Amino acid sequence: MNASVEALVKNWPLMNNNITREDLDALIAFLRQDDPILTQSSNVRAFEQEWSRWLGVQYSVFMNSGASANLLTMAALKHHAGPGEVIVPALTWVSDIASVLQNGLEPVFVDINPRTLGMDTDQVISKLTTRTRAVFLTHILGYNALEQRLIDELKRRNIPLIEDVCESHGATFQGRKLGSIGWVSNFSFYYAHHMSTIEGGMVSTNDPELYQTIRLLRSHGMVRESTSEDLKAEYKRNFPDLNPDFIFAFPAYNVRSTELNAVIGRNQLPRLDANNEKRTRNLKRFLQRLDPHKYFTDFEVEGSSNYAFTLVLKHPDEALRGRVEAALRERKVEFRRGTSGGGNQLRQPYLRKILGDVFTQFPRTDHVHFFGYYIGNYPCLELERVDALCELLNSL
Ligand SMILES: Cc1ncc(COP(=O)(O)O)c(C=O)c1O
């Protein structure tokens with residue numbers, strides 16, 4: 001590799017400049033006010049409304065993380081549908097599975113489709129039973145995991161679809177934004193994602209009843225958090241011995257966020273679409289330039305929105321894997337093996353303890369676990385750097 005290409009590949013973090021000078025200035029301007037309210041208030045409400053408008057749904061609830069969004073969603077599902085099974089992917093983030101277990105629901109695992117890294121639709125459909133309470137699908141690293149026949153089958157059987165969109169803000173299916181299609185969806189605004197509120201998460205839905213449940217679950221199960229006067233009146237009527245300010249409907253949590261995080265989110269949202277366009281351009285270039293004999297390049301990019309480059313070796317080639325990792329480390333190119341959440345969740349101790357050694361039943365997830373990576377793809381990344389990275393990887 002020549003020296004100019006070498007220089008372009010050096011020092012490449014997983015994420016860069018995701019909270020900008022502008023965001024910090026907006027925060028400072030907010031803090032300059034006399035006695036601003038810092039706990040959850042009008043900026044949180046405004047961010048929720050602006051997010052709902054951007055996503056194309058009626059209701060959103062902002063909270064402290066994407067993991068909390070998963071947790072409250074599963075708590076609401078349990079409340080709504082009772083005990084039973086939830087179909088989940090073997091390749092996802094830990095909180096997607098932990099939230100199922102924490103609510104006494106039973107995860108039923110499905111292997112991935114290598115072209116989307118999301119759940120294989122045939123396997124999902126084959127695992128639906130009368131005990132299935134929901135399909136909890138993850139859109140991995142910006143790729144859409146939905147297919148129309150899955151949506152149709154779930155509708156036919158009246159099984160709710162839950163979308164985890166924590167890694168795929170702005171991605172679409174048939175022109176509709178992911179997270180606006182299922183019964184409910186979850187987003188994360190952790191620093192590493194498409195946009196950031198430092199830490200943060202959102203639950204979005206079109207179901208007014210679910211919206212009220214999530215609002216209560218976010219804040220100790222307190223009925224006064226509801227925006228429904230009817231619901232509040234009903235509790236007041238049914239529990240006349242209680243102070244209406246302190247009626248706790250569920251054994252819940254406090255996962256509220258603050259005004260500070262919402263101010264950053266509101267400042268970020270207007271530039272999300274433009275940033276995603278640059279990321280999508282970069283991802284397409286990356287997949288075009290990568291050697292398809294060495295690396296898997298046949299991803300389903302229609303509607304994708306990727307904050308990461310997915311680098312998956314074509315074959316289980318340990319020697320190539322060694323060369324890739326050494327070359328990236330040497331040049332301080334940050335990477336994560338296993339892509340989303342470190343790979344096969346079934347290999348993790350918290351699941352092995354319950355399920356034993358069933359992880360080998362998910363060979364496609366296992367391939368990504370051992371031979372898949374993600375590398376940072378952020379809006380200020382120039383195409384010449386993407387080309388240089390591909391040149392390096394192809395030379396290994
Ligand atoms: C698919 C998925 N779901 C949930 C989460 C949890 O989000 P957070 O880190 O905001 O808790 C993540 C985290 O990165 C994720 O990738």
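This is a predicted model: local features need pLDDT of at least 70, side-chain atom pairs count only at pLDDT 80 or more; totals for chains, interfaces and linings use all residues.
Local features need pLDDT of at least 70, side-chain atom pairs count only at pLDDT 80 or more, and totals for chains, interfaces and linings use all residues. Residues are numbered from 1 along each chain as its sequence is written, and side-chain values use heavy atoms, with hydrogens and water left out.

**View 1. Residues around the ligand.** The ligand is surrounded by 15 residues, each with a heavy atom within 4 Å of it. Gly 66, Ala 67, Asp 164, Glu 167 and Ser 188 are the closest. By class, the shell holds 4 nonpolar, 8 polar and 3 charged residues. Here Ala, Val, Leu, Ile, Met, Phe, Trp, Tyr, Cys and Pro count as nonpolar, Asp, Glu, Lys and Arg as charged, and the others, Gly among them, as polar. Helix H4 (66–81) and helix H5 (94–102) each supply at least two shell residues. H4 gives the most, with 3 residues. Helices (H or I, at least four residues) and strands (E, at least two) are DSSP runs, numbered from the N terminus.

View 2. Gly 66 places a backbone N or O atom 2.8 Å from a ligand oxygen. Asp 164 has a polar side-chain atom 2.7 Å from a ligand nitrogen. A side-chain N or O atom of His 193 lies 3.2 Å from a ligand oxygen. On its own, the ligand has 390 Å² of accessible area, and the protein covers 92% of that (Shrake-Rupley method, 1.4 Å probe).

**View 3. The largest pocket.** The ligand takes up space in the largest pocket: more than half of its atoms lie within 2 Å of the pocket's grid points. A pocket is an open set of points on a 1 Å grid over the protein atoms alone, where a 1.4 Å probe fits, with protein on both sides within 12 Å along at least five of seven lines; lining residues have an atom within 4 Å of a point. The volume is about 580 Å³, counted as the space filled by probe spheres set on the points. Of the 32 lining residues, Trp 93, Tyr 190, Ala 192, His 193 and Tyr 374 lie nearest the centre. H4, H5 and strand S11 (335–337) each supply at least two lining residues.

**View 4. The second largest pocket.** This pocket has a volume of about 320 Å³. It is lined by 14 residues, with Leu 154, Asn 158, Ile 159, Pro 160 and Leu 161 closest to its centre. Helix H7 (148–157) and H4 each give two or more.

Definitions and conventions
A polar contact is a pair of N or O atoms within 3.5 Å; within protein, one must be able to donate a hydrogen and the other to accept it, and residues adjacent in sequence count only if both atoms are side-chain atoms.
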